[in-house]
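Here is a short briefing on one protein chain. Keep the structure in view as you read.

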Amino acid sequence: MSTHAKQKRLSTASIRAMKGRDRVVCLTAYTTPIARLLDPYCDLLLVGDSLGMVLYGMDTTASVSLDMMTAHGRAVMRGVERACVIVDLPFGSYQVSKECAFENALRLMQDTGCDGVKLKGGEEMAETVEFLVARGIPVFGHIGLMPQLVNTAGGFRSMEHSDAEAEKIRRDAAAIEQAGAFALVIEGTVESLAREITTSLFVPTIGVGASVACDGQVLVADDMFGLFDDFKFVKRFAELGLLVSSAVQGHALEVRDGPGARACKCV
Ligand code: KIV
């Protein structure tokens, strides 16, 4: 028998309880090796449907399937010991009916072993969130700019809101909290609105491009590593893309001009 006691991972309830006490550190993860690297430093790991764009080169997240989310959810679960893991319900898997949303969320949780699901939407999704939570599925809400709705929203755009949009985001936040979400991503929102919503809610707000006023922050990890360029809100903490290019150039140079190549030319 192993002498190492297995560490208990953070639950969605413990993430909720961080409100007003500790700030929540959240990053996306899609694979086992990256999950292993992020796990010691993160409270929450999100297997986001951004993987469609980041890993698969899709233009938007709209074509990401439940099978893709399941495969990457499983991969991330193999790499964690501490962090709470949430997997995105992809576009189309929760909008048809709340019963269908429950079936897909249950499948995602059973097939991956993750701690809960995230779904995007405000007031219009509140009934579905309530239905899932009442049946034992922890839900991470997501309001503000919706990457999945990029087609109807007319593309990714800046964070300035009209008064009507700001009012809708306020109502969305209140509705999703009331429906029972354990926490809420706020995406692409100005600081004053993020602060107002954060102060008014009892659950943590996790910002992405929504200012420091939120209770925690989530970033697309590949983006902050400097491996992916398409998301615009992200502070880069490294330039791994440049390191990879330089490593590949070193390898190419060695193969083409190194000792093996010289021996080849001498023959
Ligand atoms: O899919 C994703 O990675 C996300 C984050 C941007 C919050 O939803």
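Over which residues does pLDDT stay under 50? The stretch is residues 148–158. The model has 18 contacts beyond four places in sequence for this stretch. Where pLDDT is low, the predicted coordinates should not be read in detail. This is a predicted model, and its mean pLDDT over the chain is 91.

**The chain as a whole**

- The chain has 267 residues, and 49% of them count as buried.
- It contains 12 helices and eight strands.
- A pLDDT of 70 or more is reached by 88% of the residues.
- Take the contacts between residues at least 6 apart in sequence: 60% of them join residues at least 24 apart.
- The accessible surface comes to about 13500 Å². Carbon and sulfur atoms account for 57% of that surface.

- Strand E2 covers residues 44–47, and both of its faces are covered.
- Leu44 and Leu46 lie on one side of E2, while Leu45 and Val47 lie on the other. All four are buried.
- Strand E1 (residues 24–28) pairs with E2 in the parallel sense, over three bridges.
- Within this pairing, Cys26 stands opposite Leu44.

- Cys42 sits in the loop between H2 and E2.
- Is Cys42 buried or exposed? Cys42 is buried, because its relative accessibility is 2%, under the 20% cut-off.
- Leaving out residues up to four places away in sequence, Cys42 touches Val25, Leu27, Arg82 and Ala83.
- Cys42 and Ala83 are 41 residues apart along the chain. Their C-alpha atoms are separated by 6.0 Å.
- Asp43 and Arg82 meet through their side chains in a salt bridge, at 3.2 Å from N to O.
- This pair links distant parts of the chain, 39 residues apart. Asp43 is in the loop between helix H2 (32–38) and E2. Arg82 is in the loop between helix H4 (66–77) and strand E3 (84–88).
- Asp43 counts as buried at 8% relative accessibility, whereas Arg82 is partly exposed at 24%.

**Helix H6 and its cover**

- Helix H6 spans residues 126–134. Its buried residues include Ala126, Thr128, Val129, Phe131 and Leu132.
- Gly136 follows H6 and has a positive phi, near 90°.

**Salt bridges**

- Side chains of opposite charge can pair when their charged atoms come close.
- How many salt bridges does the structure hold? It holds 18.
- One of them joins Asp111 and Arg107, with the closest N and O atoms 3.7 Å apart.
- Asp111 and Arg107 are four residues apart in helix H5, so about one helical turn separates them.
- Both partners are partly exposed: Asp111 has a relative accessible area of 31%, and Arg107 has 32%.
- Another salt bridge joins Glu196 and Arg170, with the closest N and O atoms 2.5 Å apart.
- Glu196 lies in helix H9 (residues 191–200) and Arg170 in helix H8, so this pair ties together parts that are 26 residues apart in sequence.
- Glu196 counts as partly exposed at 38% relative accessibility. Arg170 also counts as partly exposed, at 28%.
- Salt bridges with shared partners form one network. Its members are Glu123, Glu124, Lys168, Arg171 and Asp172.

- Leu227, Leu240, Leu243, Val244 and Val248 make a nonpolar surface patch of about 420 Å².
- Leu240 belongs to helix H11, which runs over residues 240–257.
- Leu240 is partly exposed, with a relative accessible area of 30%.

Terms used:
Residues are numbered from 1 along each chain as its sequence is written. This is a predicted model: local features need pLDDT of at least 70, side-chain atom pairs count only at pLDDT 80 or more; totals for chains, interfaces and linings use all residues. Side-chain values use heavy atoms; hydrogens and water are left out. pLDDT is the predictor's confidence in each residue, from 0 to 100. Contact means heavy atoms within 4.5 Å. Patches are made of residues with over 30% relative accessible area and no salt bridge: like charges are joined within 9 Å, nonpolar side chains (Val, Leu, Ile, Met, Phe, Trp, Tyr) within 5 Å. Accessible areas come from the Shrake-Rupley method with a 1.4 Å probe; for residues, only the protein chains shown count as cover. A salt bridge is a side-chain nitrogen of Lys or Arg within 4 Å of a carboxyl oxygen of Asp or Glu. Helices (H or I, at least four residues) and strands (E, at least two) are DSSP runs, numbered from the N terminus. Buried means under 20% relative accessible area, exposed over 50%, partly exposed in between (1.4 Å probe, protein chains only). Two strands pair if DSSP finds at least two bridges between them.
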